[in-house]
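Visitor: Please take a close look at the salt bridges of this structure, and then follow the chain into the strands. Which residues are brought together, and how are they placed?

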Amino acid sequence: MGSQSSSGMSGRGSSDNPDQPEPESNQNSNPRGRRAAERQAERQSAAEEDVDLAQVLAYLLRRGQVRLVHGSGATGLQLVQSYSDSDEDSDSAWEGRLGDRYNPPVDSQPDTQDVDRSEIRTQILLATASSALKGRHSFTHMLTQREQGRCRGSSFSHGECSRIRSHFLPNHVAFKDTYQQKAFCGLYSNDGNMFLSACQDQNIRLYDTSRGRFSLKRTVKARDVGWSVLDVCFTPDSRSLLYSSWSDYIHVCSIDGDSETHTALDLNPDERRFCVFSLTASCDGKEILGGANDGCLYVFDREQNKRTLKIDAHEDDVNAVAFADSSSQLLFSGSDDALCKVWDRRTLREDRPQPVGHLAGHRDGITFIHSKGDARYLISNSKDQSIKLWDVRKFSPKEGLAASRLAVTQQNWDYRWQPVPQKAALKRHKLTGDTSVMTYRGHGVLHTLIRCRFSPEFSTGQKYIYTGCSTGKIIIYDVLTGAIVCRLSGHDACVRDVSWHPYQENIVSSSWDGAVRLWEHRQTHPLDEERERERDRACDGDSSVSEKDSKKER
């Protein structure tokens, strides 16, 4: 952006422009000639101003700061200022309903070359007791082995239980709650006994999910909310919840007992319009990490009751932050500059912030990141319609940073209200310097900061990645193959957030259609399963056909 704007303005008032005629010497003495020269100079100045305004307008449109819409007035156009993540627009695109007109392309043959050689493959195979199977995966075989006493101990190991449970993916809506406005966030507590949901109506709803229940326990009215609550999380002890919005503060609300205590944590930003898009609490609950629209990371110490760190981290909005593991020493951040960065708290200096390394390979802004919890692997969701798996021990070289920055500057569409350009959706080759381990395609990222996560370790061995989708679906990928193993359909607008119960086969989806749905596994008839597989194959086939058609057009 900066290079384009500066290059376009570099010739302002320059006398060595070959296309600019030089005034004649006698024009200064001739009144008619002087007036003609003045008129010519005025026209030239007006033309330069028009060029400058056009460049500024193009930049603001690309940044999503303004939007051109049909309206009244002399020009028939109006400029409407918009928020970074969302705005109060009423058309179908802004309501998150463009998805039914967009069929995300699917990789029919994902490139698994890197993941096949990676450590995460060994981790997942061990976690699901699959490393020594040699192709024998049937439950009948496992039961026979157990009956013959060939299992370790008297029953299945934890890995074998995880392998069995990972086959029974959610497929049925067991509970649904509907709000009057968009549901933005939804998250299970660490023990799975509570679920919290944040809605655009400024209410945060707490559900009791213990002992198989899913019942509304309490509704908390959020304070100091601009536009909507944009992120929420529990403290590790589940006694308090945190939430953020368009505000200078992160709010903490105590939910232990019958009373509520709201506390505003002042981040003291420099921006006039400030928003924390993503927040999380450290494992001991003493620190809160946030990523904001000013490109900075913020760390707030709850014991000292003050901001202890502000890091100028990215060139654009920071949309996602995460702690790498339980030590709270390594931090991850993801931004609209398409980069993930890794930070070490032990070496961070506010006056000279230097990341440990960069992870480059996305072509557009990052909407969410999720750590596997081992300080080695993380995933990132992006507006380039892909999820990438990263190994933080393999940072990207300078060539990767340059290639990613160039790809971002070439984006000329806005994911919030425009459909995905076919050329952008169908790019498969890796950028120069892309060090990602695996890329997953088959879901849509439109309208808002859609989230993705690793499946739980206890019940699945983290063998899946699951994500919301702009088409109103929940998409579940196999980490090692890149294949889509499940699509859950039912929402009428984009699914912004998804949360898998840490110990049960339940997923809760939060959608812009105002619905929160609890999905669980229910046994279906084999014919129904076959019909569902046929629908999935047809969906994948349509994506392949559209890809071939677009190639022909090009």
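Guide: R441 and D107 meet through their side chains in a salt bridge, with 3.2 Å from N to O. A salt bridge here is a side-chain nitrogen of Lys or Arg within 4 Å of a carboxyl oxygen of Asp or Glu. This pair links distant parts of the chain, 334 residues apart: R441 belongs to the loop between β23 (438-440) and β24 (452-454), and D107 to the loop between β2 (77-81) and α3 (113-116). Helices (H or I, at least four residues) and strands (E, at least two) are DSSP runs, numbered from the N terminus. R441 has a relative accessibility of 11% and counts as buried; D107, at 15%, counts as buried too. The terms are set as follows: buried is under 20% relative accessible area, exposed is over 50%, and partly exposed lies in between (1.4 Å probe, protein chains only).

The model is a predicted one, in which local features need pLDDT of at least 70 and side-chain atom pairs count only at pLDDT 80 or more, while totals for chains, interfaces and linings use all residues. Residues are numbered from 1 along each chain as its sequence is written, and side-chain values use heavy atoms, with hydrogens and water left out.

A search of the whole structure finds 24 salt bridges. One of them joins D114 to R117, with the closest N and O atoms 3.1 Å apart. D114 is partly exposed, its relative accessible area being 27%, whereas R117 counts as exposed at 58% relative accessibility. Another joins K310 to D270, and here the closest N and O atoms are 2.8 Å apart. K310 is in strand β15 (residues 306-312) and D270 in the loop between β11 (261-266) and β12 (276-281), so the pair links distant parts of the chain, 40 residues apart. K310 is buried, with a relative accessible area of 14%, but D270 is exposed, with 67%. Elsewhere, salt bridges that share partners join E119, R376, D391 and R393 into one network.

Strands of a sheet pair through backbone hydrogen bonds, either parallel or antiparallel. Four strands, in the order β12-β13-β14-β15, form an open sheet with antiparallel pairing. Its edge strands are β12 and β15, each of which pairs on one side only. On average, neighbouring strands of this sheet are turned by 20° against each other, direction ignored. Such angles run from 0 to 180 degrees between N-to-C directions, the axes being lines fitted to C-alpha atoms, for helices over the stretch in contact. Within this sheet, β12 and strand β13 (residues 287-292) run antiparallel and are joined by five bridges. V276 has A292 in β13 as its bridge partner.

Another open sheet of four strands has the order β24-β25-β26-β27, again with antiparallel pairing. Here β24 and β27 (484-489) are the edge strands, each pairing on one side only. From one strand to the next, the twist averages 15°. Strand β26 (residues 473-478) pairs with β27 in the antiparallel sense over five bridges, and K473 stands opposite S489 in β27.

Leaving aside residues up to four places away in sequence, D497 touches F184, C185, G186, R451, R453, V508, S509 and S510, where contact means heavy atoms within 4.5 Å. The side chain of D497 is also joined to that of R453 by a polar contact of 2.8 Å. A polar contact is a pair of N or O atoms within 3.5 Å; within protein, one must be able to donate a hydrogen and the other to accept it, and residues adjacent in sequence count only if both atoms are side-chain atoms.

Finally, β28 pairs with strand β29 (residues 506-511) in the antiparallel sense over five bridges. V495 stands opposite S511 in β29, and the two strands β28 and β29 form a hairpin with five residues between them.

Methods
Pairing = 2+ DSSP bridges.
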